[in-house]
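Me: Please take a close look at the strand pairing in one part of this model. Then go on to what lies around it, with the cut-offs stated.

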Amino acid sequence: MTSICLRNDTGDTRLNVDGWPHGFRVNAQRRTQWHWNEDEASSLGVHNEGGFIVADHFPIACAVAALSVSFSAAAQQVASGEIETVIVTGVRESLVQGLENKREATQVVESIVAEDIGKLPDNNVVEALQRITGVQITNRGGGEADAILIRGLPDTTTTWNGRNVFTAPNTDPNAPAGAGRQLALQDIPANLVGRIDVFKTRAADQLETGLAGQIDVATRRPFDFPGLEISLNARATTQEQREDIDPNASLLVSNQWDVGEGRFGALVNVSYSRTRYRDQSVTAGALVPFATADNPPQGASIANCGDEPPPINWGPLERIFNGDCRVPENPIWQAGTDRGLPTDPGATLTLNGVEYPYLLARDALFASDFEGDRERPASTIALQWAPNETSEYTFEAFYQGYREELFNNLHFTFADWWGTLGDDPASTITLYPGSNLIKTRVVGAPFGFNSGDSTEQETDTFVYALNGKWNVGDRLTLVADLAVQDSQFDTSFIAVRTERIPGSITLDFNAGDGIPSWHFNDDAEMLDASRWTVAQLFQNKGRSEGGAETLSIDGDYEIGNDIFKVLSFGVRYDDRDAQLHSPAPTPEPFLGRPLSEMPAGMTWTNDGFMDGEADVPTTWAVANGYYIRDHAEEIRELYGVPTSGPLLKRAFDIAEETASAYVQADLELGKLQAQVGVRYVSVDTDMDFTDVITDVSSSASKSTSELLPSLTLRYSVTEDLRLRFNYGETLRRPNFSNLNSNFVLTGDLTQVGYGTGTGGNPDLEPAQAKNYDLTAEWYFAEDSALYGTLFRREIEGLVVPLTRRITIPNTGLNTEQFVVTQPVNASDGELEGIELGFVYFPQLPGILNGLGIQGSFTKLDSEQNIPLTDSAGQIIGEETSEFFGVSDTSYNVTLAYDRAGLGMRLSYVWRDDFLNNNEARIFANPIGIWRKPESSLDFQASYDFNEHLAISFDAVNITEELQQSYYAFGDAGGPSTHNFGTNLLSRSFALGFRWRL
């Protein structure tokens with residue numbers, strides 16, 4: 001029986017079965033691409049027989065699997081005209097190619113393959129990965145998803161065509177461009193992508209960083225095509241809550257020519273996308289303690305209370321502030337504890353040496369009506385030259401751009417005032433049953449403000465690379481790669497706050513399903529600009545830069561021994577730098593004019609807020625963020641501050657040199673294959689810091705080195721059943737911004753008596769993980785498989801924040817007291833779990849043939865120790881907590897159909913609750929902010945009219961899910977009594993076409 005392999009190498013229906021396809025290509029094991037002409041193929045036992053590609057001694061299984069049958073049976077199919085049933089195209093081809101990549105890879109890898117140019121049916125790389133087993137995505141605001149986790153861990157190494165690259169983490173102002181270590185995958189348009197590989201285990205020849213894994217984004221090259229290729233893709237997208245029509249387009253032009261005895265190819269791929277969106281959210285604020293209505297505390301003295309001392313005794317429902325001058329206790333209550341203050345009925349605080357019961361309630365309520373306009377230009381250029389059969393050279397350049405204009409319309413009202421309660425204070429509140437938590441409340445004369453916040457951000461990232469491959473003799477292959485990259489991120493923020501004091505507010509902190517409700521005595525007053533006083537001006541600015549020059553040399557030597565097959569070796573040198581520029585804290589001047597007296601265009605009103613999902617005001621007046629952005633100099637002049645805005649200073653300059661080397665051997669003993677290797681890495685870091693408040697400079701240096709072993713065993717029980725075992729060690733280096741010991745400070749914005757600050761730690765060490773994976777894969781039918789993995793991660797030296805309260809004078813802010821947080825290597829953790837996945841395309845009759853299903857399930861269990869500290873930041877104990885971002889359970893199911901040019905996919909993804917982040921340690925609620933279960937139902941459809949023209953339709957978040965959060969730590973808190981935020985996520989719809997020559 002002769003095995004054959006029908007392939008669709010060009011990604012469409014142009015499979016040549018009448019003659020040998022020109023420039024036939026395969027993906028060899030280790031995923032190095034080689035170009036085979038007919039003579040070369042014949043020498044390897046691959047030839048054209050009767051229009052079929054016949055493999056007598058094919059070195060690997062078909063990299064793009066279509067069918068493997070006897071030659072005689074295939075010939076009969078050709079004769080009967082039934083050959084179309086074995087050609088894999090469209091959605092099915094994409095899934096099958098990903099499955100075959102998994103089957104042939106040495107490591108545990110999952111792949112997504114774009115079955116046609118620009119046909120990856122997602123907006124960006126992050127969204128495309130959500131259907132991969134063990135991958136979870138989050139942060140779905142802004143018209144897209146922008147955060148990815150592998151098995152619950154966020155720390156991934158990101159590569160472009162195998163090269164380590166980085167871009168600005170523009171979603172987090174505390175981790176700016178260049179200062180980050182990852183590629184902003186959400187900034188890569190799906191139109192540019194040919195394939196994405198997610199490596200969950202690592203070999204010695206791969207980069208050592210990234211506890212979660214490695215994500216490699218492969219873009220196209222001219223030798224990927226047989227000749228001239230022109231492709232145009234265009235799509236119009238709308239976000240339902242915004243109702244604008246946004247473009248998403250790409251153009252690819254590629255060709256290759258015979259040059260002497262060799263070939264030369266050139267490719268240009270450009271892409272542009274725009275997204276205008278509207279995110280809306282309502283939030284119940286943090287918990288703080290209050291006096292009870294019937295037994296308020298008694299004070300001791302008001303002698304040290306200043307010129308206007310308060311009454312010596314607390315009033316009913318008066319908020320209890322730390323540092324109150326009427327009692328000797330300070331602090332009266334411990335802010336920012338893991339579990340928060342007790343919520344038991346009758347729980348007490350000590351004031352003036354006496355135990356008094358207290359109540360807990362939210363300090364405020366707020367709503368955000370957030371609009372954004374994002375543009376992403378991107379392009380790749382690739383030149384390839386193969387002067388002969390033994391060498392190939394590639395030059396390629398990658399540009400990734402990001403532009404975004406943001407307007408946050410923030411409505412904020414305090415809910416903590418006690419001065420106007422009437423004759424029966426107890427009647428103004430209700431409690432959650434069995435607790436001291438206030439659920440509903442009527443508050444008289446609550447202070448509130450609206451803020452028109454305008455932000456502009458942009459990133460430019462450039463990568464240039466030159467690669468050479470040489471076959472030296474019959475056994476040695478050498479690859480050298482030189483890459484130069486540069487990234488810069490700029491951000492600018494300006495906001496004008498307006499304030500008022502209405503008559504009263506009636507509120508319910510959880511009116512149902514975790515959504516708060518509130519209304520004022522007259523909501524219509526919120527639209528009256530004359531009732532709003534123009535208050536403070538807020539400004540900020542930042543720029544960060546990063547660059548790298550990287551050289552790597554890798555070799556593979558075929559030993560030819562019966563047991564020892566390949567010896568691999570390599571060296572890598574990387575010279576990185578990162579700079580951050582930020583301003584000193586800027587003054588917050590107060591204007592004091594009615595909003596109605598400001599220049600025309602300064603007032604903005606929204607409408608339809610929350611689309612009926614929340615019982616809150618739906619429209620209000622605010623300072624117009626668009627006007628503020630366009631007239632920033634005029635606004636600054638009104639406030640009497642420099643019209644040029646904040647002055648940037650260099651906050652840090654970090655240089656990091658990394659040298660690494662590895663050796664790795666591939667062995668084979670019968671059905672057992674092994675890969676064993678070791679990687680050595682040495683890092684030298686020089687750091688210069690400047691305190692932007694005092695202009696005092698400091699410096700530090702650090703050197704680390706590690707020896708990291710790896711082992712992979714792969715056993716073929718049968719041809720279709722494989723077992724793998726992987727052991728490897730990986731690192732997580734601290735972000736550059738986490739090394740800066742100087743503080744970034746924020747004033748007391750919510751009247752708690754102190755501001756907040758964050759700083760870094762130049763003594764941080766890399767966290768190190770020992771990784772174990774055991775995998776079974778059963779390829780039980782054509783284009784189908786069932787697979788599962790047991791895994792465990794043991795991580796030492798996790799970075800966690802330590803918090804303390806300190807005094808910092810002369811900051812220009814409204815307080816000298818700050819609760820500051822700095823990172824330390826003070827935690828160890830374990831993560832273990834199981835993954836199950838399957839792809840199944842059954843043989844069905846008639847029109848049902850082409851129907852298939854893909855799915856995955858992940859179960860995770862994580863634990864890390866969290867240090868407990870006192871107010872001075874000293875560690876006094878520890879507790880345990882789950883990892884951030886880890887959902888215990890997640891799954892996805894995709895129903896696919898592909899037949900006669902019609903491709904459809906209906907996908908559902910779901911993930912369980914997870915710990916998203918910690919609250920600032922200045923309140924009385926549990927410290928953890930958890931996200932409730934999240935899901936998304938998406939649909940994609942496309943139809944190929946012919947090999948040149950296709951149309952597509954996409955719908956994302958069809959069920960218009962809410963994204964919600966709540967406070968919790970251990971057994972404290974929960975979604976019913978400690979609800980936090982509710983975000984309304986918009987549905988999006990897209991209509992597009994693809995044309996190719």
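**Strand pairing and ring contacts**

Reply: Ile 429 has Arg 441 in strand 21 as its bridge partner. This is a predicted model, in which local features need pLDDT of at least 70 and side-chain atom pairs count only at pLDDT 80 or more, while totals for chains, interfaces and linings use all residues. Residues are numbered from 1 along each chain as its sequence is written, and side-chain values use heavy atoms, with hydrogens and water left out.

Strands here are DSSP runs of E, at least two residues long, numbered from the N terminus; two of them pair if DSSP finds at least two bridges between them. Strand 20 and strand 21 (residues 438-444) are antiparallel and share three bridges. They belong to an open sheet of four strands, in the order 20-21-24-25, with antiparallel pairing. Strand 20 (429-431) and strand 25 (517-520) are the edges, each pairing on one side only. From one strand to the next the twist averages 10°, taken between lines fitted to C-alpha atoms, with angles running from 0 to 180 degrees between N-to-C directions.

Further along, strand 22 (residues 448-472) runs antiparallel to strand 23 (residues 476-500), with 25 bridges joining them. Val 472 stands opposite Leu 476 of strand 23. Strand 23 is also joined to strand 26 (residues 533-558), antiparallel, by 23 bridges; there, Asp 481 has Ser 552 as its bridge partner.

Rings of Phe, Tyr and Trp (its six-membered ring) pair if their centres lie within 6.5 Å; planes under 30 degrees apart count as stacked, over 60 as edge-to-face and the rest as tilted. The count by this rule is 24 aromatic pairs. Phe 412 and Phe 449 have ring centres 4.6 Å apart and planes at 10°, so they are stacked. Phe 412 lies in strand 19 (residues 391-414) and Phe 449 in strand 22, 37 residues apart, so the pair links distant parts of the chain. Both Phe 412 and Phe 449 are buried, a term for under 20% relative accessible area, with exposed being over 50% and partly exposed in between (1.4 Å probe, protein chains only). Ring pairs also link Phe 412 and Phe 449 into a cluster with Phe 366, Phe 414 and Phe 447.
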